[in-house]
Each structure stands twice: as C-alpha cells, then as structure tokens.
Amino acid sequence: MAFRIVRNDITKVKADAIVNTANPEPTYAEGTDRAVYEAAGAEYLLAERERIGKLNVGQAAPTPAFALPAKYVIHTVGPEWIDGTHGEAEALRTCYQSCLDVALELDCQSVSFPLIATGVCGFPRPEALKIAVTVISEFLKEHEMKIILVVYDSEAFVLSGDVFADVDAYVNERMAAGETPEVLEKSGAELPEEGRPPKGMAWQDAILWWIEKKGFTETEVYRRANVGAATFENVKNRTTQDPKKMTVAAFVFALRLSPTEGLDLMKRSGFRISYINKFDLIISYFLEHEIYDIFIINLTLFDHRQPLLGE
C-alpha cells in the first residue's frame, strides 16, 4: 500500500488502528491522548487500558477503539525530551517499530500515527517527523500496509539539512527570476533509440520496459513509488488511463531514471514540468540532482504544502 502525511485530526482519520501517545500508567492527560479517549468513549477505553497496566517507554499494546473510526487503538509511551543526548531518538524509533509490529500481529491493513512524543513530552517536531518517516519507509520496504502520519494543520516544521535548504533556495530563486530549471533546458534532448522505450509506446508499457531494462522487480518498484499492488496492477493492465502527475513522477524516481529519461516518461503520460509551478520545481530539483528517495522528496513536498508522490 502507501504512506501519506496529512494535516488532520487523528480521531477523524479512518484506519484499522489508531496510535495514541499514552501515559505509562493507565490514565490519560491532555493533547492527543485526551482527544483519543474522548472520541473513543473515555470510560470504555480507560477500562481496557487498565487491563494492560503500566507500559514502559517504547512499548506498545492494543485495545478496542470503541467509537473511533478504527478497530483498535495502539497505545505507546513516547520518550520525554531532555536534550537529545539521553537516547530520545532511539526510544522514539522503538515506539514506531513496536506499534508497527503490533499492527502486523493484528493483521491491520491500515494504521494512522500522530507525531509521537511531540506534545507534552516535548520532542522537537522536525526531528520527530524525520524519525517517523525513516522507520515507516524501512518498514514499507518489506510489508504491505497503508500508513498515515497525521499532524495538526497549525503545526509548522522547519526541516533541517543541506537538501531541504538547497530545495528552498532552488525554488525561491527560480520562481523569483522566472528561470528555467536545468532539467527543462535539456528536455529537448532526445534519448538514443536503443536507450529508450520505442516511440509511441504508452506510458504504462514504458514503465514495464524500464523495469525489465534496469533489472528491477515489479514489487521493489511499486513500493519505492509509494503505491500499492492494486494500483500497480491497474497500471500494468492499462486500467489507469488518466494518471495523476504525482503518481507518474513517483515512478520516475522509483525507476531511478535520469533527467532525460524521466522527462520522456512524463511526456508519454501527458505531463510536462513547468518553472512557474512549485510542485514541478521541487520535482525538477530532485531529478536534476538524481536524488531518488521518495520519502525525502515527500517530506520536502509536505513542508511546501504540495501534493505527495505516490497514490
């Protein structure tokens, strides 16, 4: 399936399981914890939580979800932020992994997460976001599950790192100057006949052509593209005639295509990259630099409030 980051109230997101940042003892406090209890029916959820008893940091345990739009609530205890040198990051990674392990045991097809430990625990949100995405992306390399990371619309993130800073500068400079990205300046260059799918080949068949040429498996490609098996089958069978731009772009990166190869696939599906569109500029940055990690790309798109790649 696929990974999404959304701005919403987690108590309103439909999934098989909803993750709650819990207290170690069977009680509930403020923030997301209280919202989950009240939406589920606090008396009923608390009674089930009492059956579990004390939870240590990083542990996870399920209860029924009662009135929530889910089957289960998975309770996990996040780490208190001190200064980042007391194992907070590893403890937070354990929280996500423990919850995913429980979701697998429960045979969940979908699970929604808050940004664990970023409320009363005080974990910095940008760091928490990157940890969540890292653990989830590693999990999805091996497992099929729809995972939704939910943040409040009012939450702002200042993502750190050279790539994020470079993208911001790249986008701002080109939008201000009306400058054509380098990848577009090369868009007129034709791939040699032997180095590209045959002329006239449909974009769906071109994806399969590239998979065979590069020696990838179909499974690794659709998982890297952040789409599910059903979506990929629709592409293979040409059921999807009018694709979304973010889905085609996802396959460009999943196939590890060069800028010219990527533009060729985009054109076959009826799309072009524009220098006046922020989404397109972000995509062109990663294509120019041949950075193919779709989760890093989606973090960047999310930070700029753009649609995410994949389904």
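Valine 151 counts as buried, its relative accessibility being 2%, and this residue belongs to strand E6, which runs over residues 146-151. In this predicted model, the C-alpha atom of valine 151 is separated by 32 Å from that of glutamate 218, a residue 67 positions away along the chain.

A second pair of residues can be set beside this one. The C-alpha atoms of tryptophan 81 and valine 120 are 39 residues apart along the chain and are separated by 9.4 Å. Tryptophan 81 itself sits in the loop that joins strand E4 (72-76) to helix H3 (88-105), and with a relative accessible area of 30% this side of the loop is represented by a residue that is partly exposed. When neighbours within four places in sequence are left aside, the residues in contact with tryptophan 81 are Glu88, Cys121, Gly122, Phe123 and Pro124.

**The chain as a whole**

The protein chain is made up of 13 helices and six strands in terms of secondary structure. Its radius of gyration is 21 Å, close to the 19 Å that the globule rule gives for 311 residues, so the chain is as compact as a globular protein of that length. Taken along the principal axes, the box filled by the C-alpha atoms is roughly 65 × 40 × 30 Å.

Of the 311 residues in the protein chain, 50% are buried.

Cysteine 95 is in no disulfide, and the nearest cysteine sulfur to it, that of cysteine 99, is 6.6 Å away. For cysteine 99, likewise in no disulfide, the nearest cysteine sulfur is that of cysteine 95, at 6.6 Å. Cysteine 95 counts as buried, at 0% relative accessibility, and cysteine 99 counts as buried at 0% as well.

**Two arginines with positive phi**

Most residues other than glycine have a negative phi. Against that background, arginine 238 has a phi near 60°, a positive value in a residue other than glycine, and the phi of arginine 256 is likewise positive and near 60°. Arginine 238 is found in the loop between helix H9 (229-236) and helix H10 (245-254), while arginine 256 lies in the loop between H10 and helix H11 (259-268). Arginine 238 is partly exposed, with a relative accessible area of 38%, and arginine 256, at 30%, also counts as partly exposed.

The relative accessibilities of the residues discussed above are gathered here.

| Residue | Relative accessibility | Class |
|---|---|---|
| Valine 151 | 2% | buried |
| Tryptophan 81 | 30% | partly exposed |
| Cysteine 95 | 0% | buried |
| Cysteine 99 | 0% | buried |
| Arginine 238 | 38% | partly exposed |
| Arginine 256 | 30% | partly exposed |

Notes
Residues are numbered from 1 along each chain as its sequence is written. This is a predicted model: local features need pLDDT of at least 70, side-chain atom pairs count only at pLDDT 80 or more; totals for chains, interfaces and linings use all residues. Side-chain values use heavy atoms; hydrogens and water are left out. Helices (H or I, at least four residues) and strands (E, at least two) are DSSP runs, numbered from the N terminus. The radius of gyration is taken over C-alpha atoms; the globule rule is 2.2 Å times the number of residues to the power 0.38. Buried means under 20% relative accessible area, exposed over 50%, partly exposed in between (1.4 Å probe, protein chains only). A disulfide is a pair of cysteine sulfur atoms within 2.5 Å. Contact means heavy atoms within 4.5 Å.
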